[in-house]
Amino acid sequence: MKPQTISTPLNSLLEGNQADLSVGLPVGLPLGIADPIEIHGARASIVRSVPNSLDASWKESYAGKCFKHSYYQLLQEALGKQFDHYFLILEKSNGKSLVQPLFLVRESILKGLPSSLKQGLGGWLQRRFPSRCEIRMLMVGCSTGEGTLAGRERDHAEVSMLLHQALPKVARRLNASLIVLKDFPSSYRRTLKFFSANGYARVPSFPACRIDLAYRDFEDYMGRTLSYKTRKNLRRKFRDADRLGKFTMEVLNDFTPVLDEIYPLYRQVIARSKFQFEVLTAEYFAGLASALEGNGRFFVWRDARGKIVAFALCVLEGKTLRDCYIGLDYEIALGAHLYFISLRDIFSWAIENQIERYYSSPLNYAPKLHLKLELAPLDLYIRHVSPVINFFFRHLIPILEPTRYDPVLPKFPNFTDLR
């Protein structure tokens, strides 16, 4: 596959003209969707592409964050068939503008329930209220990761207040019934307390996991942190893998040259997953090196023949390494324990490169529990646009949230942090 180039959507708008904000909006939505929304002390505008005149504000809104503005542009280009990506321009009274990413998705509110409840409670709700179970949602944040507020930390309290005022009006213009602040780290709870105190239910999302890497090497980590049983089990897995052949890890600058090999491995992992929110495209992987602006770390594992049998997409954020996506060749993955091989090698690489913390994506909690990672809570803030429906909906949401039914999560020592 030839390398993919990312065309910027900013060129689709003329610079500096408020009327241009309607360009590129979906057919069938009201023409007034691009009209400014007046809110206390500011105004907001919904756009499909950030105008060139606001390019500096767009970059500043996500400067210093794990995923910068260029990453959100990639999502719009590569995942545009799965989500309708928008941007909310918050223009403050002092003339400063901030850009907050949004996206629309249609989801079932029963998706996170275990199969037993889907047949019981879920089946009853589906029969009685079929149109209410599939809901068009306006989501604030990132379609492939954690939510962040636009601007510097000093801006977040004001951005939170402005969003609280603007989002119901934005949702109505985009014909969304539900507003969701998606996967915001628990560090935002103080900043977003106005949401949970005024109409929004805060419920746990599937958490990430993390561990501090204050070790000399992987052996030191095992000896100081893991139980005897877990150490013995890991060493057996590594011996089993060695008997199948030698697996070597390398770090690439870009996935594009090996895209034809790594993308099918990602599809194998997705096919086995019980929870699928986003499905990444080949264009997404091809654009990562540019979109991550040098912070991407692209790991691949090869067998003795040189064939790629596993990969991991990681992002470096200061002294933290975020492990975002993995791909495995399931013809050998289970017998060769490739998941544990990849963790061992990533931990070793991170320690050698003075990385202080490893941070993993959600799900697959059983091995992370035994490896002594702790939970990194992520929150959802949810409300219905109708105040009457929302009065009842706020009490229903805690029953539907998926972490309540995961059998492994309560075994983590800091499980109560999720609430």
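Two residues are in contact when heavy atoms of theirs lie within 4.5 Å. By that rule, and leaving aside residues up to four places away in sequence, Ser361 touches Ala208, Asp323, Cys324 and Lys368. The model is predicted.

**Overall make-up**

- The protein chain has 13 helices and 13 strands.
- Of its 419 residues, 56% are buried.
- Among contacts in the protein chain with a separation of 6 or more, 75% are between residues 24 or more positions apart.
- The accessible surface of the protein chain is about 19300 Å², and carbon and sulfur atoms contribute 52% of that surface.

- Ser361 sits in the loop between β12 (357–360) and α12 (365–370).
- Ser361 has a relative accessible area of 25% and is therefore partly exposed, since that class lies between the limits of 20% for buried and 50% for exposed.
- Glu146 is 215 residues from Ser361 along the chain, yet the C-alpha atoms of the two are separated by 9.4 Å.

**Packing of α8 and α11**

- Two packed helices are described by the angle between their axes and the distance between the axes.
- Helix α8 (residues 228–244) packs with helix α11 (residues 338–352) at an angle of about 105 degrees, and the axes are 10 Å apart.
- That angle makes α8 roughly perpendicular to α11.
- On the α8 side, Leu234, Lys237, Phe238 and Ala241 take part in the meeting, and on the α11 side Phe340, Ile341 and Arg344 do.

**Salt bridges**

- The count of salt bridges comes to 23.
- One of them pairs Arg43 with Glu91, with 3.2 Å between the closest N and O atoms.
- This pair links distant parts of the chain, as Arg43 is in strand β2 (residues 42–47) and Glu91 in strand β3 (residues 84–92), 48 residues apart.
- Both partners are partly exposed: Arg43 has a relative accessible area of 27%, and Glu91 has 31%.
- Arg235 and Glu219 form a salt bridge through their side chains, at 2.8 Å from N to O.
- Here the link runs from Arg235 in helix α8 to Glu219 in helix α7 (residues 218–225), 16 residues apart.
- Arg235 is partly exposed at 32% relative accessibility, and Glu219 is partly exposed at 45%.
- The side chains of Lys307 and Asp329 also meet in a salt bridge, at 3.3 Å from N to O.
- Lys307 counts as partly exposed at 35% relative accessibility, whereas Asp329 counts as buried at 5%.
- A network of salt bridges links Glu60, Lys92, Lys96, Asp155 and Glu158.

**Nonpolar surface patch**

- Which residues form a nonpolar patch on the surface? Val388, Phe391 and Phe392 do, and together they have about 370 Å² of accessible area.
- Phe391 belongs to helix α13 (residues 387–400).
- The relative accessible area of Phe391 is 53%, so Phe391 is exposed, the limit for that class being over 50%.

Terms used:
Residues are numbered from 1 along each chain as its sequence is written. This is a predicted model: local features need pLDDT of at least 70, side-chain atom pairs count only at pLDDT 80 or more; totals for chains, interfaces and linings use all residues. Side-chain values use heavy atoms; hydrogens and water are left out. Patches are made of residues with over 30% relative accessible area and no salt bridge: like charges are joined within 9 Å, nonpolar side chains (Val, Leu, Ile, Met, Phe, Trp, Tyr) within 5 Å. Accessible areas come from the Shrake-Rupley method with a 1.4 Å probe; for residues, only the protein chains shown count as cover. A salt bridge is a side-chain nitrogen of Lys or Arg within 4 Å of a carboxyl oxygen of Asp or Glu. Helices (H or I, at least four residues) and strands (E, at least two) are DSSP runs, numbered from the N terminus. Buried means under 20% relative accessible area, exposed over 50%, partly exposed in between (1.4 Å probe, protein chains only). Axes are lines fitted to C-alpha atoms, for helices over the stretch in contact, and angles run from 0 to 180 degrees between N-to-C directions. Angles under 35 degrees count as roughly parallel, over 145 as roughly antiparallel, 65 to 115 as roughly perpendicular and the rest as oblique.
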